[in-house]
Amino acid sequence: MTAARHDHILAHLRAAGLGALADLGFRGLDNDVLDPVIVTGFHASRTHKLTPGQKEANHVLAVGRAPVEHGFAHLKNWRTLTKLRTDPARATRLLRALLVLTNLEVNR
């Protein structure tokens, strides 16, 4: 949240006409009820149980975020990227090649 505030992520998303799905850790970052840019789920507590509609909304958000979370997990597994010092265009080609190799391993 601190980095998002520091880099004015909300302003950049609004200017580009984009939005973002986020986990509950980003609740409170975007308080604009009429035009939200950051969409987070609903939070339950001991005294406030979620309604079936809220549970379904959380599920839909989780389904949308899952591929991104899996992608970040794969990036963390590729330790070679931590030492990568190259042109970003070459890094993109390297990431694509790693993704192909990963998919080949998974599909076997």
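This is a predicted model: local features need pLDDT of at least 70, side-chain atom pairs count only at pLDDT 80 or more; totals for chains, interfaces and linings use all residues.
Biologist: Why is Ala 4 called buried?

Modeller: Buried means under 20% relative accessible area, exposed over 50%, and partly exposed in between, with a 1.4 Å probe and protein chains only. Ala 4 has 13% relative accessibility, so Ala 4 counts as buried. Ala 4 is in helix 1, residues 2–6 (a helix is a DSSP run of H or I of at least four residues, numbered from the N terminus).

Biologist: Which residues does Ala 4 touch, leaving out those up to four places away in sequence?

Modeller: Ile 9 and Leu 29, where contact means heavy atoms within 4.5 Å.

Biologist: What makes up the largest nonpolar core?

Modeller: Seven residues: Ala 4, Leu 10, Leu 13, Ala 22, Leu 29, Val 37 and Ile 38. A nonpolar core is a set of buried Ala, Val, Leu, Ile, Met, Phe, Trp, Tyr and Cys residues joined through side-chain atoms within 4.5 Å. Beyond four places in sequence, Leu 10 touches Leu 29, Asp 30, Val 37 and Ile 38. In soluble globular proteins, nonpolar side chains tend to be buried together.

Biologist: Why does His 8 count as exposed?

Modeller: Its relative accessibility is 51%, so His 8 counts as exposed. His 8 is in the loop between helix 1 and helix 2 (9–16). It has a positive phi of about 55 degrees, although His 8 is not a glycine.

Biologist: Why is Gln 54 called buried?

Modeller: Gln 54 has a relative accessible area of 16%, so the residue is buried. Gln 54 is found in helix 3.

Biologist: How far is the backbone nitrogen of Thr 51 from a polar atom of the Gln 54 side chain?

Modeller: The distance is 3.0 Å. A polar contact is a pair of N or O atoms within 3.5 Å; within protein, one must be able to donate a hydrogen and the other to accept it, and residues adjacent in sequence count only if both atoms are side-chain atoms.

Methods
Residues are numbered from 1 along each chain as its sequence is written. Side-chain values use heavy atoms; hydrogens and water are left out. Helices (H or I, at least four residues) and strands (E, at least two) are DSSP runs, numbered from the N terminus.
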